[in-house]
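Me: I have a structure open here and would like to go through a few parts of it with you. Could you take it slowly?

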Amino acid sequence: MNIRVGILTAPDIRWEQRPEGVLLHDVRIGIGFHWDRTEDQLFEGTMEIRDNGDRTKTAINTLDVEDYLTSVITSEMAATSNIELLKAHAVISRSWLLRPMKRETANAEREKTASLKEKSSSGWQISAERRIVWYERDAHVGFDVCADDHCQRYEGITRRDEHPEAAARVREAVEATRGVVLVDPTDNDAICDTRFYKCCGGRTEEFETAWAPRHYRYLQSVECPYCNTNDARVLSQVLNNYDRETQDFYRWTVRYTAEDLATIIREKSGIDFGNIEALQPVKRGPSGRIYELEIVGSKHKMIVGKELEIRKWLSKTCLYSSAFEVEREGTDFVLRGKGWGHGVGLCQIGAAVMAEKGYTYEQILAYYYTNAQLKKIE
């Protein structure tokens, strides 16, 4: 089974054919986040440079799903990671990818309906008083998934083949779990929506606080005592070169002057709130992540959500998470937060610590995806 991955869109795409694959120049990664940058990346499979008809082009990489997974795993973490962590990530990356693409034939009509619903699962509630937005993979046209954090990090073979022995371990992890996915036994063994992120900050979150108002039994909020670590060796398994620039992910503080905050919100939202008078959490999930926040200004007030939109509006780049408390110190706004990412599903740093403590990949997955079961599919 093949997958089509959108790598980048730009007015001009520079590329080179090399013996080991296609080298794309200036691929943008971490789009909109604090590690946003460009780098050159090398890809296997076939590469199509599509003319979009609007003075832009898109590079689309087509390759086998299992080959794609070996690259995703080494883009999300180091190829030298604990083998149990690599196996766990192979299963969840495969599950997330295949969920809307591969369905059980026994319930064809029901599954067809579910698939159509999922393909239009981005959502919004926009008015003068509320802006509640979430984003799904249906934002993409002409390919299955993108190569950035919006879907799953996919950087080709750029990092996978840096260390041949480590690359062999990744292939071992993918092969050992070939065809294995997580399924929901209470939903006719439907493939699970296996989300993941860097660090939960002590407790994981529920699906509906970040995306559609839909509850999954296997994405319950659980305490996570594992991701509170400063062990450089463990962190190096999950945080690659540019991720290691971020060191205060478990507990963090951001301070804004009232003037700076007003400017950031105006630039990121396109709305002039005037002087910012208050940031008032309206709804929080079990992990403490805010998914509805009221911004009160001298000219306007509005409730914004969900968690990613809040993170975008309150930072020049993107806040680590929406799990923060708001304090006023004089005229300054101080956000004291925890965790890195949306918090739903597997905590990558927590899982890395669990693997180092001797947990198997099955135990790791059972911990973060409550009630889900492993199943091999064809």
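Me: How many of the five residues of strand S16 are buried?

Reply: Four of the five residues of S16 (residues 301-305) are buried, so this strand is largely enclosed by the rest of the structure. Buried means under 20% relative accessible area, with over 50% called exposed and partly exposed in between, using a 1.4 Å probe and protein chains only. Strands here are DSSP runs of E with at least two residues, while helices are runs of H or I with at least four, and both are numbered from the N terminus. Please keep in mind that this is a predicted model, in which local features need pLDDT of at least 70, side-chain atom pairs count only at pLDDT 80 or more, and totals for chains, interfaces and linings use all residues. Residues are numbered from 1 along each chain as its sequence is written, and side-chain values use heavy atoms, with hydrogens and water left out.

Me: Which strands does S16 pair with?

Reply: Strand S8 (residues 130-134) pairs with S16 in the parallel sense over three bridges, and strand S15 (residues 290-297) is joined to S16 by four bridges, running antiparallel. Two strands pair if DSSP finds at least two bridges between them. Arg 131 has Val 304 of S16 as its bridge partner, whereas Glu 294 is partnered with Ile 303.

Me: And what links S15 to S16?

Reply: A hairpin does, passing from S15 to S16 through three residues.

Me: Changing topic, is His 25 buried or exposed?

Reply: His 25 counts as buried because its relative accessibility is 12%, and its place is in strand S3 (residues 21-29).

Me: What is it in contact with, leaving aside its neighbours within four places in sequence?

Reply: His 25 is then in contact with Leu 8, Arg 14, Trp 15, Glu 16, Glu 39 and Asp 40, where contact means heavy atoms within 4.5 Å. Asp 40 lies 15 residues away in sequence, yet the C-alpha atoms of His 25 and Asp 40 are 4.4 Å apart. With Glu 16, the side chain of His 25 makes a side-chain polar contact at 2.7 Å; such a contact is a pair of N or O atoms within 3.5 Å, and within protein one must be able to donate a hydrogen and the other to accept it, while residues adjacent in sequence count only if both atoms are side-chain atoms.

Me: Last one, which residues of helix H9 are buried?

Reply: In H9 (residues 361-368) the buried residues are Tyr 361, Ile 364, Leu 365 and Tyr 368. What covers them includes helix H2 (83-98) and strand S10 (180-184).
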